[in-house]
Amino acid sequence: MKTEDLLLDAGRAPDLAALTGYIDGPARGRWLELNRFLQERYRVGPKIAYSRCSAKPGWNVKYQKSGKSLCTLYPERDGFVALVVLRQELLPLLEATSAGLWDEAILAPARTAKPFNGTVWLMIPVTGDRVVADLKQLLLLKQEGTLP
């Protein structure tokens, strides 16, 4: 399969190694770090799935714990996007701790997200190491309802 076709070829599922190899540069290390964190912290495996969603079509990696979504990772050539679905009630805590604690890559989607069934869907572009660290904290907040 041609590398450029990897994400959009719904007929041929790539494995995690192929999706990792698709990502270039320093973003690959961030991808590996976040995948490792999810697998070790929550003792879950990745599920590769194809999305026909118009917002982000293509192959992605889903992480779930006890049937509930932790996050979905969407690989891109020079980075990736993390989708985190938060309970709407956690937004005030996120905002209250925003001063210096959260990167703008986390705050901007949280501030503009439209509520849906008591949740907000945050599409977070992972652009640097700080965003990875903040995503880990956000996932802990999501699962435990408080900051560590």
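**Core, helices and loops of a predicted model**

With a relative accessibility of 16%, Phe37 counts as buried. Here buried means under 20% relative accessible area, exposed over 50%, and partly exposed in between, with a 1.4 Å probe and protein chains only. The model is predicted, so local features need pLDDT of at least 70 and side-chain atom pairs count only at pLDDT 80 or more, while totals for chains, interfaces and linings use all residues. Residues are numbered from 1 along each chain as its sequence is written, and side-chain values use heavy atoms, with hydrogens and water left out.

Phe37 belongs to helix H2; helices (H or I, at least four residues) and strands (E, at least two) are DSSP runs numbered from the N terminus. Residues up to four places away in sequence aside, Phe37 touches Tyr42, Lys136, Leu139 and Leu140, where contact means heavy atoms within 4.5 Å. From C-alpha to C-alpha, Phe37 and Val132 are 10.0 Å apart in space, although 95 residues separate them in sequence.

The next topic is the core. In soluble globular proteins, nonpolar side chains tend to be buried together. A nonpolar core is a set of buried Ala, Val, Leu, Ile, Met, Phe, Trp, Tyr and Cys residues joined through side-chain atoms within 4.5 Å. The largest one in this model has 42 residues, and Leu38, Leu73, Leu94, Ile124, Leu135 and Leu138 touch the most other members. Helix H6 (residues 129-144) gives the most to this core, namely seven residues. Beyond four places in sequence, the contacts of Leu73 include Trp31, Leu34, Leu38, Val61, Phe80 and Val81.

Helix H6 also carries Asp134. Asp134 is buried, because its relative accessible area is 6%. Neighbours within four places in sequence aside, Asp134 is in contact with Leu101, Trp102, Asp103 and Ile106.

Ile106 is one of the buried residues of helix H5 (residues 104-112), together with Ala105, Leu107, Pro109 and Ala110. The buried residues of H5 pack against helix H3 (91-96), helix H4 (98-101), strand E5 (119-126) and H6. At the start of H5, the backbone nitrogen of Ala105 lies within 2.8 Å of a side-chain oxygen of Asp103.

Two loop residues complete the picture. Arg43, in the loop between helix H2 (26-42) and strand E1 (47-51), has a positive phi of about 50° although it is not a glycine. Arg43 counts as exposed because its relative accessibility is 73%. Asn117 lies in the loop between H5 and E5; Asn117 is not a glycine, yet has a positive phi of about 50°. At 70% relative accessibility, Asn117 counts as exposed.

Note on methods
A polar contact is a pair of N or O atoms within 3.5 Å; within protein, one must be able to donate a hydrogen and the other to accept it, and residues adjacent in sequence count only if both atoms are side-chain atoms.
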